[in-house]
Amino acid sequence: MQQQRIVIIGGGIIGLSTAYNLLRSGIEQVTILEQAIVDHDQASSHGISRLLRFEYGSDILYSQMVQLSLQRWQQLEQTVKRTLYTPTGVLVLGSEQDESTRASYHTLRTMGYAIERLTHADCKQRFPQFRTQDFDFLTFNMNAGMLHASSCLQALRTYILALGGKIIEHHRVTQINNESEREPIQLQVTGGEVITADRVVIAAGPWVHRLLGKMELPVRLTRQYLLYFSQLSAERYGVYNFPSFIADDLYGFPLHTTGNTGPLYLKAASHSFGAPAEPDEVPPIDEKVIKQVARRLYTILPELEQATLAKIESYIYDVSVDEDFILDYMPQDHRIVFATGLTGHAFKFGLLLGEMITGLIRETQPVVPLDRFRLLRFRQPRQASAVVA
Ligand SMILES: Cc1cc2nc3c(=O)[nH]c(=O)nc-3n(C[C@H](O)[C@H](O)[C@H](O)COP(=O)(O)OP(=O)(O)OC[C@H]3O[C@@H](n4cnc5c(N)ncnc54)[C@H](O)[C@@H]3O)c2cc1C
């Protein structure tokens, strides 16, 4: 295994996290091929922030995975001596009836987290920016927060290079030739170059169907928007004065920026799955969707209406049919592992998913039971989900 050449296709959070884990496990020849550059602005991992929430309803496996993930982010933070995570806390505005809010509260309590249930009066006193009257189950979890996405990618990039890994940018893999298991895998790259590998990890984000189209994976691509508001007072909307929040499908963050410089934005979005999307296509922004999201945000945060909607970004989710990730070997060829169906919630799990993929490559005991994430689940009735031992 130590002598094997492992090539990872894609330098997003999943590809980088896999390289990081493979190198740390002692594998020496690890190369990432990235069609553009790490942290480019069409990749799903791009941007200034990602929410790290523990709230997954009664689905304890995901909450446990968040717990494991946060430990790994904190370890990386200590190693690279750079802020990757800010514990902003997460305020959830939910209802007694919804599937998630009460269930998350009980799950997290069972796990030992000091998640609080707030009355309207508590919420008004602590977070007067919010209008909560349309909600009747309010919680606040101080452990959750915001990952500085771009800093995470750059930190991993630096660390991978320091560990002896290679990152080759502007190399798009156009074809994977793996006909004979006795021959190494050949990766055709734009420009005609052929790169040879013993094992391959496909972590191509929204481009997954370009390389795995024949598999007809149950994954659809959707267009998602992020709204950036400026001209808000740091005293009212800055980190530690204002929490990250979730309200139905809407979510957002306190004022922040990338690293220590640049304008401060309150970033907010809807997690509802948008219109069908195609990678490499950047259609005009759908103003109707933006207006709807903004109007709903103004209902929760009335002062936002006076702020400036300074920037809108558009990205793609790769949504699996059951919204669980897909991590598996390619059928008929265990030399190739792929990750897809990340369904707009995988960034926080990046380091852990990289560790799980490393386990698949090394064929070691997985840190998290993998059954729920295997392709086989689409061919057999759903089992109760295993929890982390
Ligand atoms: C708008 C938005 C908001 C989100 N918010 C959150 C959040 O708050 N919390 C959370 O946990 N998660 C969130 N997510 C989910 C998370 O960001 C994604 O699941 C994750 O970043 C996907 O990472 P990836 O590495 O699979 O894909 P990507 O980041 O897209 O990386 C794939 C890379 O592969 C490269 N590539 C593709 N094909 C080839 C090829 N043939 N050859 C070479 N390179 C190739 C691409 O250029 C790209 O850089 C969000 C996602 C989006 C889009």
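Me: How many positive and negative side chains does the protein chain have, and how far apart are the centres of the two sets?
Reply: The protein chain carries 37 positive and 41 negative side chains, and the centres of these two sets lie 2 Å apart. Lys and Arg count as positive and Asp and Glu as negative, whereas His and the chain ends are not counted. The place of each charge is NZ of Lys, CZ of Arg, CG of Asp or CD of Glu.

Me: What kind of model is this, and which pLDDT limits apply?
Reply: The model is predicted: local features need pLDDT of at least 70, side-chain atom pairs count only at pLDDT 80 or more, and totals for chains, interfaces and linings use all residues. Residues are numbered from 1 along each chain as its sequence is written, and side-chain values use heavy atoms, with hydrogens and water left out.

Me: How many helices and strands are there?
Reply: The protein chain has nine helices and 20 strands. Both are DSSP runs numbered from the N terminus, with helices being H or I of at least four residues and strands being E of at least two.

Me: What is the radius of gyration, and what would a compact globule have?
Reply: A compact globule of 389 residues would have a radius of gyration near 21 Å, and the protein chain has 21 Å, which agrees. The radius is taken over C-alpha atoms, and the globule rule is 2.2 Å times the number of residues to the power 0.38. Along the principal axes, the C-alpha atoms fill a box of roughly 70 × 40 × 40 Å.

Me: What share of the residues is buried?
Reply: Buried residues make up 56% of the 389. Buried means under 20% relative accessible area, exposed means over 50%, and partly exposed lies in between, with a 1.4 Å probe and protein chains only.

Me: And what is the accessible surface of the chain?
Reply: The accessible surface comes to about 17100 Å², of which 49% belongs to carbon and sulfur atoms. These areas come from the Shrake-Rupley method with a 1.4 Å probe, and for residues only the protein chains shown count as cover.

Me: Among contacts between residues at least 6 apart in sequence, what share joins residues at least 24 apart?
Reply: That share is 73% in the protein chain. Contact means heavy atoms within 4.5 Å.

Me: Moving to helices, how does the span of α5 agree with 1.5 Å a residue?
Reply: Helix α5 covers residues 149-162, and its 14 residues should span 20 Å; the end C-alpha atoms are 20 Å apart, which agrees. The expected span is 1.5 Å times one less than the number of residues. The buried residues of α5 are A149, S150, S151, C152, L153, A155, L156 and I160. Just after α5, G164 takes a positive phi of about 95°.

Me: What does C152 touch?
Reply: Not counting residues up to four places away in sequence, C152 touches W73, L84, L147 and F347. At 0% relative accessibility, C152 counts as buried.

Me: Which residues of α3 are buried, and what covers them?
Reply: In helix α3 (residues 101-110), the buried residues are T101, S104, Y105, T107 and L108. Their cover includes α2 (60-80), β5 (90-94), β6 (116-118) and β7 (137-141). Just after α3, G112 takes a positive phi of about 95°.

Me: Where is D328, and is it buried or exposed?
Reply: D328 sits in strand β19 (residues 326-330) and is buried, with a relative accessible area of 7%. Beyond neighbours within four places in sequence, D328 is in contact with I336, V337, F338, L360, R374, L375 and L376.

Me: What is the phi of D39, and what is that of H170?
Reply: D39 has a positive phi of about 75° although it is not a glycine, and phi of H170 is near 55°, also positive. Most residues other than glycine have a negative phi. D39 is in the loop between β2 (29-33) and β3 (50-52), while H170 is in the loop between β9 (166-168) and β10 (173-177). D39 is buried at 12% relative accessible area, whereas H170 is exposed at 55%.
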